[in-house]
Amino acid sequence: MAPPLVGGSESTSTEEAVSATPPSSSSSSSITASKDTNSKRKQGSSLLKRTMTSSLKSLINSAKALAIGDSGTKASLEELFPKVDKAVDGDDCDRDCDSCVVQYPKSFKIDEEDDLYGFVKGWSTHVLVATGKTDWVRDVADEKGSVMQAIGNAKGPSNGRLMLSASNIPTPHHTSDYTEPTTVLLLPAFTIIENVTPATVPTLISEFVNKAPTNKSPLEPVSLPRSLPAPLPEATPAALIELTTRPCPHRALILLCSQKTRDARCGQSAPLLRKELQRHLQPLGLYRDLDDERPGGVGIYFISHVGGHKYSANMMIYRRPDAFGLDNVERGKLSEGQEAVVAPQIKDDENKDVGAGQCIWLARVKPEDCEGIVKFTVLQGKVIKPKSQLRGGFDRSKGLLSW
């Protein structure tokens, strides 16, 4: 048995004695120093992780840039398209829509971290094939018996890379039967080519795509034949031989990836964005549905996979030069009561038609972005969120590309 403590009438346990003893100043300093050391270690570890992440991202971006190459006219993020400016465009130029009732599903998640600008593979011309459908097999060049398959198997154009897209543009016979002739829309020429079949694809490429303006061409009138017979066997019905062309009636086109066989998010986002875009275009008299051939306005088409579905929604906007007469309007400097008025939508002079002046390729587009995209990007060729949304594009008037 432990001897009683001397010098007191009550005993105190060792634990109580220790807890009652105030810590010495040297002990307190030691604890503080230990905490400081741990904090510095955590900060150092966090800094190291950020540095490693930044270095890895830089390495990946360098590899992407190397794979894409440099056209020699590659523009910086700041050079290619003007960014909205509150002093010029008004205090609300960078605000999201607050009246938007359309929303993505809660499960709709995308990559918000990657750098976007400058990593799309360059293209010279773009063909949209009318199929009347909104979804296709994984690779549209594998759609059996289709014009897309024939283009995929044909010799490539002589004027650079051709981007191939299936689209929901209605076919002439309003059927998705690939045995029937169809229509293609050639960009940046803004030219519709009719009566196209797999058999006439070689003529389509040699006589139309090869002779059309590219994304690097100066803004000069489009000079393509109005009609041309394809060299087909004599037994071919006359109605299937002649390829005919006409200008696209629209002033701008909005292309939305809708291919859910590549990514469900594309199938979800495209119809929701179209609905919201329509809500903002209709009051301006600019909305054009799939069968609307009135001059001017904006056509909205669903297209097949363009790459980067993890940045859904992808949106490509092709615009004629100063498409709506508003490119130089400074909304923020208009007097009270003044409005930016869209130019009358009249038929263009075919002899002066230069096609698209710009293509602005955006990603991470949400329904609440649509109001600003219509107001500033479609109508004026400006970008609201270049750092987080601009993937690339071209401006023929400036002779600049993003690749």
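Trainee: Which hand does the crossing of helix 7 and helix 8 have?
Mentor: In this predicted model, the crossing of helix 7 and helix 8 is right-handed. A crossing takes that name if the near helix is turned clockwise from the far one by less than a right angle.

Trainee: What makes helix 7 oblique to helix 8?
Mentor: Helix 7, residues 264–281, packs against helix 8, residues 370–380, at an angle of about 50°, and their axes are 9 Å apart. Angles under 35 degrees count as roughly parallel and those from 65 to 115 as roughly perpendicular; the angle here therefore makes helix 7 oblique to helix 8.

Trainee: Which residues of helix 7 and helix 8 meet?
Mentor: From helix 7, L273, E276, L277, H280 and L281 meet C370, E371 and V374 of helix 8. By class, this contact has five nonpolar, one polar and two charged residues.

Trainee: Why is N215 called buried?
Mentor: Buried means under 20% relative accessible area. N215 has a value of 2%, and is therefore buried. Its place is in the loop between helix 6 (201–209) and strand 5 (227–229).

Trainee: What does the side chain of N215 reach at 2.7 Å?
Mentor: The side chain of N215 reaches the backbone oxygen of W123 at that distance. Leaving aside residues up to four places away in sequence, N215 touches W123, S124, P188, F394, R396, L401 and W403.

Trainee: How much of the chain do buried residues make up?
Mentor: Of the 403 residues in the chain, 45% are buried.

How values were computed:
Residues numbered from 1 in each chain as written. Predicted model: local features only at pLDDT ≥ 70, side-chain atom pairs only at ≥ 80, totals over all residues. Heavy atoms only, no water. Axes fitted to C-alpha atoms, helices over the stretch in contact; angles between N-to-C directions. Helix = DSSP H or I, 4+ residues; strand = E, 2+ residues; numbered from the N terminus. Parallel < 35°, antiparallel > 145°, perpendicular 65-115°, else oblique. Contact = heavy atoms within 4.5 Å. Nonpolar A, V, L, I, M, F, W, Y, C, P; charged D, E, K, R; others polar. Buried < 20%, exposed > 50% of the residue type's maximum accessible area, 1.4 Å probe, protein only. Polar contact = N/O pair within 3.5 Å; in protein donor to acceptor, adjacent residues only side chain to side chain.
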